[in-house]
Amino acid sequence: MSEQPLLKVRGLKIGATVYPPGEKPHNIKIVHGVDFDLQPGKVLGLIGESGAGKSTIGLASMAYGRGGVELTGGEVWVNGRDILQASLGDIRKLRGGEVTYVSQSAAASFNPAKQIMEQVTEAAIRQGKFAKKEAELRAVELFRKLGLPDPENIGKRYPHQVSGGQLQRCMTALALCPQPDLVVFDEPTTALDVTTQIDVLAAIKEAIRDTGVAALYITHDLAVVAQVSDHIMVLRHGNMVEYGDTDQIINAPKEEYTQALVSVRSITHEEKAPTDSPLLRAENITARYKGTNFDVLHDVSMDLSPGQTLAVVGESGSGKSTMARVITGLLPPRDGKLTFDGRTLTPDQPSRSIEDLRELQMIYQMADVAMNPRQTVGTIIGRPLEFYFGLKGAEKRQRTIALLDEIELGEEFIDRYPAELSGGQKQRVCIARALAAKPKLIICDEVTSALDPLVADGILKLLLRLQAAEDVAYIFITHDLATVKAIADSIAVMYQGRVVRYGPKSEVLSPPFDDYTDLLLSSVPEMRLGWLEHVLATRKMESAGN
Amino acid sequence: MHPILTLVVQRLALGILLLIAASALIFGLTEILPGDAAQAILGQAATEENLANLRAEMGLDRPALTRYFEWLGGILTGDMGNALTNKLPIADQIGKRMSYTLFLSFWAALISVPLAILLGLIAVRYQNRWPDKLISGVTLASISLPEFMIAYILVFFFAVKLFWAPSFANISPGMPLLEQLHAISLPVAVLTLVVLAHMMRMTRAAILNVMQSAYIETAELKGLTTFTVIYRHAFPNAIAPIVTVVMLNLAYLVVGVVVVEVVFAYPGMGQYLVDAVVKRDVPVVLACGVIFAAVYIVLNIIADLVSILANPRLRHPK
């Protein structure tokens with residue numbers, strides 16, 4: 001280690017001022033003293049759950065604090081100088097020049113009013129690294145390297161004119177254009193579909209290798225970070241838990257927390273065989289949204305047996321959430337029939353009986369927007385008890401407490417407001433609300449997507465336990481195949497509004513596959529070194545063979 | 001058809017409809033006023049017989065609807081009828097008066113709009129620091145005072161005490177431009193102070209709103225200076241709300257000058273309207289009303305169109 005590190009962080013402390021509702025603003029600590037080195041040309045993965053401080057540390061390498069975040073102590077040395085002591089002018093030279101940033105959502109991080117080329121080359125030109133012509137040539141070269149279509153002209157487009165995956169690559173080009181020494185990748189593939197993620201991941205990895213740039217790669221997905229980084233640092237609650245090379249962290253984690261992260265999704269679920277009389281049967285559903293002239297669902301059929309779980313899998317735009325809207329009656333289909341518990345469901349929700357409404361409940365992805373922020377947990381869970389069963393007073397309270405017990409939250413939560421709950425707790429309250437109606441079917445729309453892996457795991461275990469206890473059936477809408485493997489009894493794979501594969505879990509997940517399911521399954525990152533190269537090589541061979 | 005073209009045509013059609021509705025409203029309102037033109041000419045002492053004769057002569061005894069369409073047809077062909085008091089064609093008068101008003105509004109706009117936007121940008125740059133507070137304080141104070149009050153204060157200091165500018169904005173067609181500008185300097189200053197706060201506050205609010213966006217963070221992480229971030233990245237995305245409020249204030253500069261014109265005895269539309277109201281010259285009031293309505297509607301359509309054009313999603317569809 002004779003070489004001087006590109007980035008040297010010593011005792012980094014980061015704090016912020018928070019303004020909780022009903023309390024005085026106060027300071028909290030986000031990062032409690034972190035040390036690490038990054039050598040030129042190397043990639044360090046920062047991994048942890050939300051609130052671990054990984055993004056905050058990443059931005060600290062640009063001397064930037066998001067919102068009210070302040071860098072309160074320690075040293076951050078970039079290229080041999082402590083940037084926490086540098087003048088604002090020097091920091092401006094560093095940002096966009098020596099260190100650049102790729103954010104999670106390129107769609108939000110590109111200025112909608114400006115052409116892509118202008119934004120990609122702006123830092124390089126303003127920092128005086130390249131003249132306009134040179135910078136543009138360099139950008140086109142990067143577009144080509146990152147596998148963007150029509151690299152000569154894509155820069156003339158506006159951000160809304162390219163897809164999410166393409167924009168994420170443009171963001172990478174934006175970061176690489178000024179020829180930085182270090183790029184901070186902050187969850188660059190998290191918002192993408194799994195089949196898009198693999199291409200972007202490969203493009204980023206190749207660009208890092210070709211340009212010899214060093215990188216901080218921030219993510220909560222250990223399988224992803226294992227593909228790109230040389231070293232991994234595991235963070236929790238603003239402290240370093242473990243630091244090691246990628247191989248050691250993945251294959252021989254020392255700390256308990258790291259082991260939990262590595263072995264996440266340890267749920268095993270015995271698949272149940274479908275029964276003869278399905279609880280829900282959807283036949284030949286075709287649907288479109290009002291004011292459009294194309295169908296988003298084409299001839300979709302699926303069955304769900306009582307007390308079982310049907311996973312509806314697909315990428316964004318596949319029509320899986322639309323299917324949920326059809327089943328709940330929010331979007332009456334143009335054609336097709338819904339049968340529930342032996343009776344025909346009317347297509348539109350207002351005409352359904354109160355029994356139909358009660359027996360069919362829903363849980364959403366965004367727990368915090370699915371609850372009224374001005375109602376207490378007790379009011380939220382109590383509402384269906386009152387509405388469906390006419391419970392009042394002490395009886396209602398008793399039942400609410402019983403439900404809180406079932407979702408592993410205690411009685412003390414009854415008077416809390418949603419803002420006082422963590423993400424996982426909020427989702428648990430939503431589950432209790434659905435359960436309060438004693439439904440036969442709960443539609444779970446991406447209920448774990450917004451949660452950290454360990455928290456999501458807890459929710460899935462809870463759902464499985466409740467299924468066994470209450471004999472409730474689930475339709476589990478998700479894009480996450482790991483979740484599907486963990487809990488499903490049968491699976492419907494959707495693609496562009498059609499069911500392309502359907503059947504019991506063991507059948508759907510066993511070869512021979514159709515092309516789309518194969519692509520989908522092989523795109524899910526696996527927690528082993530060299531997985532990315534292996535998949536890409538296999539695909540290349542297959543396409544060469546064709 | 002290009003989606004923008006469709007939107008433009010829609011807005012124009014809507015504007016025309018709105019203008020017709022406004023003209024009907026103005027006509028209807030003057031109809032329900034007590035007394036009519038005949039009454040106004042002959043005065044309170046007129047006998048019923050005299051009134052009836054004059055009404056027949058002026059065609060006022062015919063149904064209101066017939067007269068409305070006659071009047072509307074006249075306006076569409078540029079004939080606004082004659083003033084009751086001096087029998088001169090209204091269109092000629094309005095042409096002359098309007099050019100004076102537009103001259104005044106033009107200079108007020110030329111100073112106030114760029115100044116308001118610049119002050120708004122500065123307020124954002126120094127948000128919650130003393131330049132922001134100073135700008136907000138001064139502009140809010142000036143908008144809180146009634147405009148005649150500001151006018152008299154300015155007259156007191158700059159005309160009476162310092163002799164820098166005339167207290168009466170007397171201009172005539174033959175005057176050299178510089179003299180004309182000197183003559184209207186105080187009314188322009190009053191109008192600027194009146195409209196400045198609204199536009200500046202809106203600019204500040206609209207840009208601050210945009211400053212919350214993720215792409216502002218991207219711009220900051222490119223090492224751009226705060227002011228570059230504001231005018232290159234935030235301002236282009238705040239154009240729509242800013243233009244809307246600018247156009248509203250431009251309309252006010254044309255339509256709302258009544259008080260200022262009267263205070264400075266300026267021979268513009270406002271003065272003309274006030275004179276006509278005093279003399280109960282209903283055709284002139286009607287004509288002025290329609291012109292003012294037209295100015296409002298046209299400027300608002302322009303604001304709408306600029307907002308549409310400012311949206312890159314509409315300008316460059318997928």
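The legends below describe close-up views of a predicted model, with attention to chain B and to a pocket lined by residues of chains A and B.

**View 1. The helices and extent of chain B.** In this predicted model, chain B is built with 15 helices and has zero strands.

**View 2. Burial and contacts within chain B.** Of the 318 residues in chain B, 44% are buried. When contacts in chain B between residues at least 6 apart in sequence are considered, 72% of them join residues that are at least 24 apart.

View 3. The chain carries 20 positive and 18 negative side chains, and a distance of 17 Å lies between the centres of the two sets.

**View 4. The second largest pocket.** This pocket has a volume of about 960 Å³, and among the 30 residues that line it, those closest to its centre are Y64(A), G65(A) and G67(A), together with M211(B) and E220(B).

**View 5. The elements that line the second largest pocket.** From chain A, β4 (69–78) and α2 (88–94) each supply at least two residues of the lining, as do α5 (90–125), α9 (214–220) and α10 (226–234) of chain B. The largest share of this lining comes from α9(B), which supplies four residues.

Key. Residues numbered from 1 in each chain as written. Chains lettered and ligands numbered in written order. Predicted model: local features only at pLDDT ≥ 70, side-chain atom pairs only at ≥ 80, totals over all residues. Heavy atoms only, no water. Buried < 20%, exposed > 50% of the residue type's maximum accessible area, 1.4 Å probe, protein only. Contact = heavy atoms within 4.5 Å. Lys, Arg positive; Asp, Glu negative; His and termini not counted. Charge placed at Lys NZ, Arg CZ, Asp CG, Glu CD. 1 Å grid on protein atoms, 1.4 Å probe; cavity = no way out; pocket = protein on both sides within 12 Å on 5 of 7 lines; lining within 4 Å. Points joined across faces, edges and corners; volume = space filled by probe spheres on them.
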